[in-house]
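Please open the model in your viewer and keep the selection tool at hand. We will go from stop to stop, looking at what is there each time.

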Amino acid sequence: MTVFPILSAVTFLPLLGALAILLFVSGGEDNVRGNRLAQIVALGVSLATLALSFVMLHRFDPANTGFQLVERFVWIPSFNIAYIKGIDGISVWFVMISTILTPLCLLSSISGVKKRIKEFMIALLVLETMMIGMFTALDFVLFYLFFEGVLLPMFLIIGVWGGEKRTYAAYKFFLYTFLGSVLMLVAIFAMVLHVGTTDMTAMMGGKFPKEMAVWLWLAFFASFAVKTPMWPFHTWLPYAHVEAPTAGSVILAGVLLKMGGYGFIRIAIQMLPEASKHFAPLMIGLSLVGIIYASLVALAQTDMKKLIAYSSVAHMGYVTLGIFSFNQQGWDGAMMVMLSHSFVASALFLCVGVVYDRMHTREIARYGGMATNMPRYAVVFMVFMLASIGLPGTSGFVGEFLSMQGAFLANSWFGLLSALGMILGAAYMLWLYRRLFYGALVKDDVRAMKDLSVREIAVFAPMLILVLWIGIYPAAFRNVYAPSLEKALLDFQTQSQGTQHD
Amino acid sequence: MINSQSLMVAMPEIEVAVVGLVSLVAAAACGARVTRHIGLLAIAAFALAGGTLFCPERLSHLLNGAMPVFAFGTQFVDDGFARFVKAIILAASSLSILLSWSAFEKDGDARPEYPVLILFATLGMMLMVSASDLLALYVGLELQSLSLYVLAAFKRDDARSSEAGLKYFVLGALSSGILLYGISLLYGFAGTTDFVSLAFSLRDQAHAHPGIVVGMVFVCAALAFKVSGVPFHMWAPDVYEGAPTPVTAFFASAPKLAALALLTRFLLEPMSGLTAQWHQVIVFISIASMLWGAFAGLAQTNVKRLLAYSSITTIGYLLVGLVVGGKSGVQAILIYFTIYALNTLGAFAVLLCLRRGGKAVEAITDFSGLSKTNPVIALAMTVLMFSLAGVPPLAGFFGKYFMFLAAVKAGLLPLAIIGVLSSVVAAFYYLRIIKVMYFDELVGALDPLPDWGVKAVLGLSSLAMIGITLAPSPLIEGALKAARGLLG
């Protein structure tokens, strides 16, 4: 292997950065220089990772539907466990999302995180390694390692830097997802023993007998439904989002939730096609309930972060709805919703962070009339708010439209019900905007807030560009994943059809 | 009966015994000031014994270690399994001596009897691991147990330590009695005490007289007491709490492994014909231990008691491997235990760092804010606790991975599911320590840290939790070789 192992480099560069900070930077509450150095190193490392990930994107050939840039090393020979990494069109964007969001989080945390700055930088960099590792892993043990490894830094991020009820939120987050994952682990055992290797590519294509596949599917469902999260397994999310620091919420919404959607495509669909078809009614039912229920709950929230958290649950409902509609529109929609939600929900959490850093409250009622004194902020917030609603021209529209179209093709009632979610989405988002930005500017502390700083604009600018870019010219993004996704759909249809005739 | 071949087979044990006797005399002659020297001597003896164990010269006398070799008639056996387990025991004993110095010195309890007792306990454990006869089994077990009773009561002026020693002794004596009764039943109904003949006469279930089954169950119960499997676990939390912390660290590592290895050999060799009978017993102990250890641990406020419950849960997982049986089961046991022993020794090393105002503190709340005053120790403890909880990518995950993989492979899906679910419950109490260290406010600065011995153990074990993930193959291959040594 003379080729530069770029996937490993992208994965482990942040970890090396974290190690460097741990060993060579002296932290401490009052150590201003040390903390500043930690921030600079972390930002530098994450930007270098971003640059590397662009090299990866450049080397990636969208026309090739197989796994690319594959790296393979023997790890535990006697158990046939290998270190295998590779990306295809489905995973490549998730890696990019991780590498794009991390530097933005680091940048935004400069004003938000005031204590244990060095440790926070380390935790975020470790988290980045785990996320990228998970999306590029092609060996089941490796996959599980990173999938679970995410919990470690996230538990600490919520628990150490979180809000008042952070302990409860951190526990709930950890134990809930851990419970789902261990069941997945047992399913992995069964699959590994059935196939005889832990290589994930060897498991694709419906190799499991139906009775077995049904149980395996349920075990994976336990894990991914919690992670996505789907109603009624979503209850950890509002707490985790509300209590996490801004950067934690951003990563949670931007990347961690996508692990569920990615898992559904990569494992449930590609490895257990028949069982996926079998459980499609359940998935669609839960998705529809999730979309409508979460939207209604969002209407009733008084806490900004909780509102956005529930909107996340609704948006992820579109993802699972699209996936389990089993048509090109639905799958395209699912991918697009995930892409768009990564930037839109993250940006909305960052927006909340902007005022939270100034006022230290997330109560919607504490604000009002900010359009007067913070016009730039009002514009930025408006764009992301409209993208969340799914206004044409923004990223949100493309995904939700396609996802609903997919659902409509599967069954017109599904399309109708999911459209209800879009209306409700417009309702809670516009209402939120009205309460925050319009009305009279009566509160003194709100009046005293300054508009966005240059650093904050630097955080939002790339996200604004991405959101509009996806909205106006989605083909630029679609072209990268489309061949792989179309191939996966074709495989899925033949596999789940072929066995139906048996 | 005693020939040079036998002496060659038992050479490591002989070395430990000789050093033990020499240091006993030295300890009696020189008193407390030679505590560290004798400790170092004991570690050297363990290193020597470990070297001898795998010395090619010795192995070349023993059919190159390919087959089990007996000594002293059929009392004693040396095979790949025994060598692997002994290596772990020797390492764990050495680390326990390193852990002991600074804590005992600060409390004014530094006495050279400690390394001497560890030497004899280790000798007993080595005999247990190699026992191939019910009599050798009993002698080894008693040598070990007597040393452990004294160790538990090592702080003779401390009421809790004396209580722990007494409690351990009374219950231990009871279990020894049960063991002897079981042995006598086995001897009475099978007519032999050596493992090979027992296996031969029990190879066919039709010959299994109920008396033999009862005897076997008694031996299982006694050994379950030694490994603290539910429902024979009651002593563990009290003794763990009362015994001096270095002694508790030792209890949690080497003796557990010795008793487990003995149980493994006993059930898979002489009792392999009665698999259907002992399966029920071990399955029950396994499930009960996993669940009780996980749930009862939730209510603990003392870290040593917590670690006792953690060890009870662990025994539950390890017994899953025994139920699985075969090479994959034994391999999983050995992988899991090696990781667990290192892991738990590291956790006790952290506990030994926790002193405030000249006194050792051991409540969970005493960890509060540790990440502020001692970030390195807090980080190490975080790694160790996540590893105990079995969260990847740390080594503890691999222990569970291979264990439950073997269970699913053997069709023991319910055991695997109970196992992973109980590990979620147990994760709660490991997380609590991390939570207290990172989320809670500081209760006060620690005393200066202990000497290099504790730090070395702490560094070694926390780095091993990461290192084993990076290069797991040596451990896995070694465990496989050991399992082949036991089962051919």
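Start by selecting Gln329(A), which lies in helix 13 (residues 328-359) of chain A; helices (H or I, at least four residues) and strands (E, at least two) are DSSP runs, numbered from the N terminus. This is a predicted model, where local features need pLDDT of at least 70 and side-chain atom pairs count only at pLDDT 80 or more, while totals for chains, interfaces and linings use all residues. Residues are numbered from 1 along each chain as its sequence is written, and chains are lettered from A and ligands numbered from 1 in the order in which they are written.

Now show its partners: leaving out residues up to four places away in sequence, Gln329(A) touches Leu402(A), Gln405(A), Gly406(A) and Leu409(A). Contact here means C-beta atoms, placed from the backbone, within 7 Å.

Next, colour chain B, which has 21 helices and four strands. Its C-alpha atoms fill a box of roughly 65 × 55 × 40 Å along the principal axes, and 61% of its 488 residues count as buried.

Zoom in on helix 3 (residues 35-54) of chain B, whose 20 residues reach 29 Å from first C-alpha to last, close to the 28 Å expected at 1.5 Å a residue (the expected span is 1.5 Å times one less than the number of residues). Its buried residues include Ile38(B), Phe46(B) and Leu53(B). Which helices do the buried residues of helix 3 of chain B pack against? They pack against helix 2 (11-30), helix 5 (80-106) and helix 6 (113-130) of chain B.

Then select Leu262(B), which touches Met128(B), Val129(B), Ala131(B), Leu137(B) and Leu223(B), not counting residues up to four places away in sequence.

Finish where the chains meet: 25 residues of chain B are in contact with 27 residues of chain A. On the chain B side, helix 19 of chain B gives the largest share, 12 residues. That side divides into 20 nonpolar, two polar and three charged residues, where Ala, Val, Leu, Ile, Met, Phe, Trp, Tyr, Cys and Pro count as nonpolar, Asp, Glu, Lys and Arg as charged, and the others, Gly among them, as polar.

Technical notes:
Contact = placed C-beta atoms within 7 Å. Buried ≥ 20, exposed ≤ 12 C-beta atoms within 10 Å, placed from the backbone.
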